[in-house]
Amino acid sequence: MNLSAGCLRFSQLTLIASALVLAGCGSTPKTVQSRAPVESNTQVPVVNIDDSPESLIKKARSAWEDNHDAVQRNRYLLDAADLYLQENESTKAQAILLSLKEDGVAEENRLRLNFLIATLYNGDDAASDDELLSLLSPLATIGDLKRRQQALRATILERKHDWTGAAEAYAESLEPSAESVEKIWALVNRATRSQRQQAQASSATLRPYLALYDLAATEGLSPAGLSRALVQFNQVYRGHPVSEYMPASVVAGAELRTEPPREVAVLLPLSGKLGATGTTIKEGLLSAYYDQASALRAGEQPVSLNFIDTQNKTADELLSAIHGYKWVIGPLLKENVEGIMHRIPAGTHRLALNRADAVAAGDNLQGLTGNTLTSDVPSLADITEQAGNALNLQPAATSQQAFFALAPEDEATQLADYIYQNGFKTPIVVSAQNSINQRMETAFTTRWQELNGNKAQGKQVKLTTVQFTDSNSLREGITQSLDVAQSHDRIKQIEYMVNEKLYNVPRNRRDVDAIIVFASPEQTELLNPMVEASLSPFNGQTVPVFATSRSIEYDDTKNQWRDLQNVRFLDMPWMLPQHQWQTLQSRSETLWPQRSTQMSRLFAFGVDAYNLLPHMPSMMALPQTKLSGLTGTLSINSQGDVVRRLPQAVISNEAVQMLSSGKAAAPGR
């Protein structure tokens, strides 16, 4: 760069500085001690500069005109831009920063310039999060700038759902306090298992938090055991913020002194249309009860179970029936759950068998029944009609009530998480047009947008969906969504133009990497061959098909597995081969040899409800704790909802085969 060109650019900066000064001449410059950050999602510590932006610009002009000191001039201009950002004067800050970026700055000012540009464009549609993060690398080695860089990184990483990355950045930017520890702890708890594993290997900053997470997960079901483990933890990490400011939930979990259940009231429909449903759940509860009773030591008393038929009972009658009980399981119908939810006496621990915020009571049950109902089991319409006048109340998450439901939306949400975490980008969602499958499609789509879209920047991710009512609309929807019909048309057009028969096969879209199915078992058996026929593989690649338990029926003959070849699906561990409850399964098959798929799932529901009840207080205090149940790996979130994580299986060689948690179907495989 020759001297004249350099002088020209310096002069341009001086002119910009002069213009900004003149723009502020109408008012008296203010002296700034410490200003609040710009109102945005960015939580970046401010810099203390004992000056005003206008006076700093004047100093910058003097530094250049008097001494031709570009480094000092740029330092003043960066200070001015910093203060403009804090005052929400983004246009003035932008004029300075972009001019400095174009002209170039010395190495000692470059990191701060990039940081301020990232701050300026944070949350702007024009800048991607990855571009902003690149401006924050490398980090300053010491001082206030590094802390501010990390604070901004934390905000961006949190927006990207990089929970452990955000937690680490906050840990390195926030002063140790109870509030900062709780913030970091919350992010560690939101992280996926793979994120925590990666952080364990790479982040010394987070290892104490990760160690506490593992401790809470392994010891949390025993308050006394957790309390003893915390003593050792505090010795190992003495002086660390997470030890000095132990998260409140961990302290609460260690201090629980809940008496185990002695007498339990169980609210179930044991007669009427729902009688078979309630009786099957009762059989699961009793199976778990007898297993526990057989393991009691000499002198120990078994739990006393009192079953109460909820058929045709009002909320007042249900409350009267459970009066005096400290432990309650049920009721099952949404209308009953909501009817007594806000009237449960203090000190009562209730595990409801539905969610108060579900759309319809029976829909949760239908999540475990499929579409082939026996004559003595109510249909979805029957159950929905009974709950039609139920109040639409939100559940109150308290230390005394949890909500256990086999909601179909949960499986759809988990499927979205799995698809996203394993690198699939362009799935097609195929769903039957009925209320349950449409709800599952909505849940999947909502979660997919949350995972892929940047809500702060208003971005949406396109998702191809196919809805069908019968086999004809299904075939038409599949061919249209995969562009097979268009491929047929192109072949015909070329044949006409060249007057020659083309020996070719229609080709589908190359970007589709997964098919997601929300349909009944019968519909899925029809759909899967259509998908395989419509997808012409390229380079040996195939597109995997994913479904939920609602697409699987175990009552039919083995011929069904032929049409479901290679379909991957989620289901309860109890329904899959080689589970850990073989003795219970043998006993169940002996007592109830004709039990259907739907009833087997209801039975497992009852077993898990009984086993979950005594652990409910600890699991509500510590979301890290989990129980390995017949219906899935169970935990309880902050809303009091029991969350189920289901394993995955695949149909291979006309049989169900378990897939290990680490074995994923890669896109295009």
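Asp417 counts as buried, with a relative accessibility of 8%; buried means under 20% relative accessible area, exposed means over 50%, and partly exposed lies in between (1.4 Å probe, protein chains only). The model is predicted: local features need pLDDT of at least 70, side-chain atom pairs count only at pLDDT 80 or more, and totals for chains, interfaces and linings use all residues. Residues are numbered from 1 along each chain as its sequence is written, and side-chain values use heavy atoms, with hydrogens and water left out.

**The chain as a whole**

- The protein chain has 28 helices and 15 strands; these are DSSP runs numbered from the N terminus, with helices (H or I) of at least four residues and strands (E) of at least two.
- Of the 669 residues in the protein chain, 51% are buried.
- Among contacts in the protein chain with a separation of 6 or more, 69% are between residues 24 or more positions apart; contact means heavy atoms within 4.5 Å.

- Side chains of opposite charge can pair when their charged atoms come close.
- A salt bridge here is a side-chain nitrogen of Lys or Arg within 4 Å of a carboxyl oxygen of Asp or Glu, and this rule gives a count of 22.
- Arg355 pairs with Asp410 in a salt bridge whose closest N and O atoms are 2.6 Å apart. This pair links distant parts of the chain, 55 residues apart: Arg355 is in the loop between strand 4 (349–352) and helix 18 (361–366), and Asp410 is in helix 20 (residues 408–421). Arg355 counts as buried because its relative accessibility is 11%.
- Arg644 and Glu411 form a salt bridge through their side chains, at 4.0 Å from N to O. Arg644 lies in strand 13 (residues 642–645) and Glu411 in helix 20, so the pair joins distant parts of the chain, 233 residues apart. Arg644 is buried at 5% relative accessibility, and Glu411 is buried with a relative accessible area of 3%.
- Asp417 makes a salt bridge with Arg645, the closest N and O atoms being 4.0 Å apart. Here too distant parts of the chain are linked, with Asp417 in helix 20 and Arg645 in strand 13, 228 residues apart. Arg645 counts as partly exposed, at 36% relative accessibility.

**Packing of helix 20 on helix 21**

- Two packed helices are described by the angle between their axes and the distance between the axes.
- Helix 20 and helix 21 (residues 435–452) have axes 8 Å apart and pack at an angle of about 35°; axes are lines fitted to C-alpha atoms, for helices over the stretch in contact, and angles run from 0 to 180 degrees between N-to-C directions.
- Helix 20 crosses helix 21 in a right-handed sense: a crossing is right-handed if the near helix is turned clockwise from the far one by less than a right angle, and left-handed if anticlockwise.
- From helix 20 the contact includes Pro408, Ala412, Leu415, Asp417 and Tyr420, and from helix 21 it includes Ile436, Met440, Phe444, Arg447 and Trp448.
- The residues of the contact of helix 20 with helix 21 comprise twelve nonpolar, two polar and four charged; Ala, Val, Leu, Ile, Met, Phe, Trp, Tyr, Cys and Pro count as nonpolar, Asp, Glu, Lys and Arg as charged, and the others, Gly among them, as polar.

- Leu415 is part of helix 20 and is buried at 1% relative accessibility.
- Apart from residues up to four places away in sequence, Leu415 touches Phe444, Ile516, Phe518, Phe546, Ala547, Thr548 and Leu570.
- The C-alpha atoms of Leu415 and Phe546 are 8.0 Å apart in space, while the two residues are 131 apart in sequence.
- Ser600 sits in helix 27 (residues 597–612) and is buried, with a relative accessible area of 15%.
- Neighbours within four places in sequence aside, Ser600 contacts Trp574, Met575 and Arg595.

**Packing of helix 5 on helix 7**

- The axes of helix 5 (residues 107–121) and helix 7 (residues 143–159) come within 11 Å and cross at roughly 30°.
- Helix 5 passes helix 7 in a left-handed crossing.
- In this contact Leu111, Arg112, Phe115, Ala118 and Thr119 of helix 5 meet Leu145, Arg148, Gln149 and Leu152 of helix 7. The residues of the contact divide into five nonpolar, two polar and two charged.
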